[in-house]
Amino acid sequence: MIVGISGASGFQYGVKTLELLKKLDVEIHLVVSKGAEKTCQLETDYRLDDIFAMADVVHPINNLGAAISSGSFKTQGMIITPCSMRTLGAIAHCMTDNLLTRAADVVLKERRRLVLLARETPLNLGHIRNMATVTEMGGIIFPPVPAFYQRPQTVEEIVTHSVNRALDLFDLNIKDLPRWGEDLLNYNE
C-alpha cells in the first residue's frame, strides 16, 4: 500500500493511517511532501524520523525513479492523507512533478484504488472541478468528515473513524470499525 502525506492541515490523518496499516501487516510505501514536513512541525509534536520508522519503505519526494513510480510495481493502491488542494490539482491534471503525484498518476492509469482525504474548506469551483476530474478518472474523494453516530469523545476517535472508513475502501480487514446499525443505541421511541 502506498501512503502519501501532503501539506494540508491534518498531518494526524497520515500518522493514524500508518498506525492502522501496521496493525494489518500491510507493506507500507510512504511518500511525504515538503509541505507535509512543514505541517508536521507546525501542527504536531511528531518527529519525522518516528513517522518514517512506521513505514517499510520511505521514498524521497523527488525520486521519480522509485519503484512506486512504475505500473509494473504491484500495489493494492494509494491513499493520500491528508490531500492538499495543490496535490489534488496536480493529480487531476496529470502534473507528475514529484513522486507523490507520479505515484497517484500510476495508480490511476493501472486502474487501482486511489483515495484522497481532501482537506480544505470552503471549496472554490476549481477545487470542485478537480474533485470531479479525479472522480471521473477513477479516484475516490474522501473528505475526512466526522461521523457522530458512535458518539466520539475525543479528536483521536474522530480521526481514527475517518481513517478506518477510508482504509475500508481498499477491502482490508478493518477490525473494530463501528458500522451503522451495529451496537448503536436503539432510536425507536
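Strand 1 (residues 2–5) and strand 2 (residues 29–32) run parallel and are held together by four bridges. Strands here are DSSP runs of E, at least two residues long, while helices are runs of H or I with at least four, both numbered from the N terminus. Two strands pair if DSSP finds at least two bridges between them. Within this pair, I5 sits opposite V32 of strand 2. The model is a predicted one, in which local features need pLDDT of at least 70 and side-chain atom pairs count only at pLDDT 80 or more, whereas totals for chains, interfaces and linings use all residues. Residues are numbered from 1 along each chain as its sequence is written, and side-chain values use heavy atoms, with hydrogens and water left out.

Zooming out, the sheet is open and has six strands in the order 3-2-1-4-5-6, with parallel pairing. The edges are taken by strand 3 (57–59) and strand 6 (140–141); each has a single partner strand, so one side of each has no neighbour in the sheet. Helix 1 (residues 11–23) packs on the sheet and touches strand 1, strand 2, strand 4 (77–83) and strand 5 (113–118). Its direction makes about 145° with that of strand 4 (axes are lines fitted to C-alpha atoms, for helices over the stretch in contact, and angles run from 0 to 180 degrees between N-to-C directions).

Next comes the inside. In soluble globular proteins, nonpolar side chains tend to be buried together. A nonpolar core is taken as a set of buried Ala, Val, Leu, Ile, Met, Phe, Trp, Tyr and Cys residues joined through side-chain atoms within 4.5 Å. Buried means under 20% relative accessible area, exposed over 50%, and partly exposed in between, using a 1.4 Å probe and protein chains only. The largest core has 31 residues, and V3 and L167 touch the most other members. Strand 1, helix 1, strand 2, helix 2 (34–43), helix 3 (48–52), strand 5 and helix 7 (155–168) each give two or more residues to this core. Helix 1 supplies the largest share, six residues. A second, separate core holds 24 residues, among them V31, L88, L114 and A118.

Two residues give a closer look at the packing, with contact meaning heavy atoms within 4.5 Å. Not counting residues up to four places away in sequence, V3 touches T17, L18, L21, I28, H29, L30, V31, I79 and T81. T17, in helix 1, is buried with a relative accessible area of 0%. Leaving aside neighbours within four places in sequence, T17 is in contact with V3, I79, T81, V163 and L167.

Helix 4 (residues 85–92) is mostly covered, with seven of its eight residues buried. Those buried are M85, T87, L88, G89, A90, I91 and A92. Their cover includes strand 4, helix 5 (99–109), strand 5, helix 6 (125–136) and strand 6.

As for aromatics, the count comes to one pair. Rings of Phe, Tyr and Trp (its six-membered ring) pair if their centres lie within 6.5 Å; planes under 30 degrees apart count as stacked, over 60 as edge-to-face and the rest as tilted. F11 and Y46 make a tilted pair, 6.4 Å centre to centre with 45° between the planes. F11 belongs to helix 1 and Y46 to the loop between helix 2 and helix 3, 35 residues apart. F11 is buried at 1% relative accessible area, but Y46 is partly exposed at 37%.

Most residues other than glycine have a negative phi, and most peptide bonds are trans. T81 and P82 are joined by a cis peptide bond, with omega about 0°, and P82 lies in strand 4. Another cis bond joins T121 and P122, with omega about -10°; P122 is in the loop between strand 5 and helix 6. D25 has a positive phi, near 55°, and sits in the loop between helix 1 and strand 2, where D25 counts as exposed at 72% relative accessibility. R151 also has a positive phi near 55°, in the loop between strand 6 and helix 7. C94, which follows helix 4, has a positive phi near 55° too.
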